[in-house]
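Subject: Structure for your review

Hello,

Here is the structure for you to look over. My notes on it follow below.

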Amino acid sequence: MQRDYMKWFSPSLGRDMELLVYGHAGAPVIMFPTSMGRFYECEDMGMIANLSDKIGAGFIQVFCVDSIDGESWYNWGASGDWRTGRHAAYDRYLSDEVVSYIGSRNSNGYIVSSGCSFGAYHAVNFGFRHPWQVHKVVALSGRYNMHGYLGDYHDDNLYYNSPFDYIGGLQSGEYKDQLGQQEIYLYTGLSDLAVCLNETRQLHELLNSKGVSNYLSVWDSFEHDWPDWKRQIREHI
């Protein structure tokens, strides 16, 4: 399997960012790490090996990005505007820089965003915010109401990066039409963390209420951990 390490200075974030690329061809998959995880987490936890047959066959090419959660949502000592602004900069890094890099080495054009736990939030949020760039979302065990991280603080960056907010306010128009063309897969389990189970179901129902097609899978036997995420992800990646 081809494996490439990349690093560049991000104008959006004002710092170096790293990522790993696995494979030589196929649909590009942007893979997000779990809470405050790093770009090498999926390799370390066996997720890349779990998908190695699909990667090696050229069915998918996986781009494991880094997170800046410790500077944004999990930066408990910082002000609310700094934390939401930092995530907004991360979103620009993904949409302006990572997607451009993917296009420079892969002409497939069909981009998938995926992640587990807090990585599922990133996969959903990035995919939902950029349906012109992301064509499929596969989210496992996520939470999607970001107000729990900011307490009473509110601003536009929080609203537009909290899926419950901007999907709740979704109106008809070009954006809704584009979102409706995405493939959206939401996974959780009856034994998942209560907040992930509840918020995944709520997001599914919210999308349904807005007429946005999506698929919800709730597994009976499930733990909020890598062994079950590895089984789940193979269903739609």
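Is S141 buried or exposed? With a relative accessibility of 0%, S141 counts as buried, where buried means under 20% relative accessible area, exposed over 50% and partly exposed in between, using a 1.4 Å probe and protein chains only.

Before the rest, some conventions. This is a predicted model, in which local features need pLDDT of at least 70 and side-chain atom pairs count only at pLDDT 80 or more, while totals for chains, interfaces and linings use all residues. Residues are numbered from 1 along each chain as its sequence is written, and side-chain values use heavy atoms, with hydrogens and water left out.

Backbone

S141 is found in the loop between β6 (136-140) and α6 (147-150); helices (H or I, at least four residues) and strands (E, at least two) are DSSP runs, numbered from the N terminus. The phi of S141 is positive, about 65°, although S141 is not a glycine. S117 is also not a glycine and has a positive phi, of about 60°. The loop that holds S117 runs between β5 (112-116) and α5, and S117 counts as buried at 14% relative accessibility.

Strand β1 (residues 3-10) contains S10, which is buried with a relative accessible area of 0%. S10 and A89 are 79 residues apart along the chain, and their C-alpha atoms are separated by 9.8 Å.

Helix α4

Helix α4 covers residues 80-105, and its 26 residues should span 38 Å at 1.5 Å a residue. That expected span is 1.5 Å times one less than the number of residues. The end C-alpha atoms of α4 are 37 Å apart, which agrees.

Salt bridges

The whole structure has 11 salt bridges, each being a side-chain nitrogen of Lys or Arg within 4 Å of a carboxyl oxygen of Asp or Glu. Two of the pairs share R38. In one, the side chains of R38 and E18 meet at 3.2 Å, N to O. R38 lies in the loop between β3 (27-32) and α1 (41-44) and E18 in strand β2 (residues 15-22), so this pair ties together parts that are 20 residues apart in sequence. R38 is partly exposed, with a relative accessible area of 31%.

The other partner of R38 is D66, with the closest N and O atoms 2.8 Å apart. This pair links distant parts of the chain, since D66 is in the loop between β4 (60-65) and α4, 28 residues from R38. D66 is buried, at a relative accessible area of 1%.

D91 and R129 form a salt bridge in which the closest N and O atoms are 3.3 Å apart. D91 belongs to helix α4 and R129 to helix α5 (residues 118-129), so the pair ties together parts that are 38 residues apart in sequence. D91 is buried, with a relative accessible area of 3%, whereas R129 is partly exposed at 28%. Elsewhere, R15, E71 and R86 are linked in a network of salt bridges.

Cavity and pocket

How many cavities of 30 Å³ or more does the search find? It finds 1. On a 1 Å grid over the protein atoms alone, a cavity is a set of points where a 1.4 Å probe fits but cannot get out, and a pocket is an open set with protein on both sides within 12 Å along at least five of seven lines; lining residues have an atom within 4 Å of a point. Points are joined across faces, edges and corners, and a volume is the space filled by probe spheres set on them.

The largest cavity holds about 30 Å³ of space. Its lining consists of H87, Y90, D91, L94, H122, N125 and F126. The elements that give two or more residues to this lining are α4 and α5, and α4 gives the most, with 4 residues. By type, the lining divides into 3 nonpolar, 3 polar and 1 charged; Ala, Val, Leu, Ile, Met, Phe, Trp, Tyr, Cys and Pro count as nonpolar, Asp, Glu, Lys and Arg as charged, and the others, Gly among them, as polar.

The largest pocket has a volume of about 180 Å³. R129 is one of its lining residues, along with Y159, Y160, Y166, G169, L170, Q171, S172, G173, Y175 and K176. The pocket lining divides into 5 nonpolar, 4 polar and 2 charged residues.

Regards
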